[in-house]
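Subject: Structure for your review

Dear colleague,

Please find below the structure that I would like to hand over to you.

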Amino acid sequence: MFPNNLLSVADFSRKQAEDLFDLADHFEKHPPMGLLDRDQIVGTLFYEASTRTRLSFEAAALKMGGGVISVPDANDSSAKKGETVADAVRVMSGYCDLIVVRHPIVGSAAEAARTSLVPIVNAGDGDREHPSQALLDLYTIRKERGEIEGAQVALVGDLRFGRTVHSLALALALWPGIKIYLVAPAILATPTAVLEALQAAGVEYRQTECLEEILPDIDVLYATRIQKERFKGEEEPLYETVKDFLRITGQTLKAMKKDALVMHPLPRVGEIALEVDDDPRAIYFRQAWNGVPLRQGIIATMLNRTS
Ligand code: NCD
């Protein structure tokens with residue numbers, strides 16, 4: 001459990017998340033340069049593409065005075081020779097103090113944690129979870145809105161393969177009074193396991209294919225990319241049928257509350273028109289920048305170096 005490993009949203013409580021957000025706020029006001037020793041090294045091991053997650057973890061470590069070692073494209077490492085992620089992590093954990101791993105197979109981060117000598121952060125295990133992104137999303141909501149409690153949140157786009165929305169839905173369930181709208185075409189609907197977890201947590205949710213009808217009610221519109229790379233085998237042609245499901249434009253914003261937030265984990269590939277960027281409600285770039293203080297908080301907590 002966090003701070004030993006951050007593999008899933010199940011690894012932290014609401015209190016631990018709120019403490020982390022306070023720490024991230026503190027780091028924004030008082031940059032924590034020198035909090036880590038030069039020989040405290042964060043390792044990043046990515047078997048799938050990444051820009052924000054990897055770079056914000058690395059920037060976070062460097063801005064605290066620590067070091068970074070990285071395998072930015074692990075598929076170009078000994079994986080090519082057939083090495084498993086478990087072996088790669090076992091070796092790498094002898095070179096660094098914390099490992100951030102992204103891998104296409106569900107459960108791979110947990111497998112990595114079994115052989116690692118150091119804490120593991122799951123930066124995405126296939127289509128299942130991306131817990132540090134959920135923390136960053138919630139931190140952003142708290143910062144922009146003042147509180148998470150009571151928010152009406154629409155998760156929109158690829159709710160089947162999108163690991164960010166799985167983690168975010170499960171994490172939102174830790175706060176009271178949340179209502180979640182799950183907006184996706186039928187073939188990209190939310191997995192049953194996530195729906196069951198929301199039910200078990202007593203979260204009010206509604207599934208719909210129509211974004212327009214809920215726009216006036218929501219506080220947060222969280223848009224996601226249709227995860228093209230996850231359409232495999234006989235499902236591959238289905239991508240074409242859903243790729244244009246979501247298109248947020250100035251027109252969409254007209255129907256929304258004046259103080260609503262438009263978020264996206266990025267990268268976007270056409271879900272949000274460029275004209276939306278200039279609207280004060282469009283906060284996805286600030287959201288991405290929050291990745292540095294929030295991940296400084298994660299690293300500091302996991303390395304027990306919070307002050
Ligand atoms: C997401 C991911 O990798 O799951 N990106 C991110 O970490 N910000 C979203 C995506 O790739 O669509």
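I begin with the largest cavity, whose lining comprises three nonpolar, three polar and two charged residues. Please keep in mind throughout that this is a predicted model.

The residues that line this cavity are Arg 52, Gln 133, Leu 136, His 264, Pro 265, Gln 287, Ala 288 and Arg 295. Two elements, α5 (131-145) and α10 (284-289), each give two or more residues to that lining. The volume of the largest cavity is about 40 Å³. When the whole structure is searched for cavities of 30 Å³ or more, one is found.

I turn next to the largest pocket. Its volume is about 400 Å³, and 21 residues line it. Those that lie nearest the centre of the pocket are Arg 102, Arg 163, Arg 225, Leu 266 and Pro 267. Sorted by class, the pocket lining consists of four nonpolar, ten polar and seven charged residues. Both α2 (52-62) and α6 (163-172) supply at least two residues of this lining.

Where does the ligand sit? The ligand is found in the largest pocket. Around the ligand are Thr 53, Arg 102, His 130, Gln 133, Arg 163, Thr 164, Arg 225, Gln 227, Pro 265, Leu 266 and Pro 267. This shell divides into three nonpolar, five polar and three charged residues.

- Arg 163: an N or O atom of its side chain lies 2.8 Å from an oxygen atom of the ligand.
- Gln 133: an N or O atom of its side chain lies 3.3 Å from a nitrogen atom of the ligand.
- Gln 227: an N or O atom of its side chain lies 2.8 Å from an oxygen atom of the ligand.

On its own, the ligand has 320 Å² of accessible area, and the protein covers 93% of it.

With kind regards

Notes. Residues are numbered from 1 along each chain as its sequence is written. This is a predicted model: local features need pLDDT of at least 70, side-chain atom pairs count only at pLDDT 80 or more; totals for chains, interfaces and linings use all residues. Side-chain values use heavy atoms; hydrogens and water are left out. A residue is near a molecule or strand if one of its heavy atoms lies within 4 Å of it. A polar contact is a pair of N or O atoms within 3.5 Å; within protein, one must be able to donate a hydrogen and the other to accept it, and residues adjacent in sequence count only if both atoms are side-chain atoms. Accessible areas come from the Shrake-Rupley method with a 1.4 Å probe; for residues, only the protein chains shown count as cover. On a 1 Å grid over the protein atoms alone, a cavity is a set of points where a 1.4 Å probe fits but cannot get out, and a pocket is an open set with protein on both sides within 12 Å along at least five of seven lines; lining residues have an atom within 4 Å of a point. A molecule sits in a cavity or pocket if more than half of its atoms lie within 2 Å of its grid points. Ala, Val, Leu, Ile, Met, Phe, Trp, Tyr, Cys and Pro count as nonpolar, Asp, Glu, Lys and Arg as charged, and the others, Gly among them, as polar. Grid points are joined across faces, edges and corners, and a volume is the space filled by probe spheres set on the points. Helices (H or I, at least four residues) and strands (E, at least two) are DSSP runs, numbered from the N terminus.
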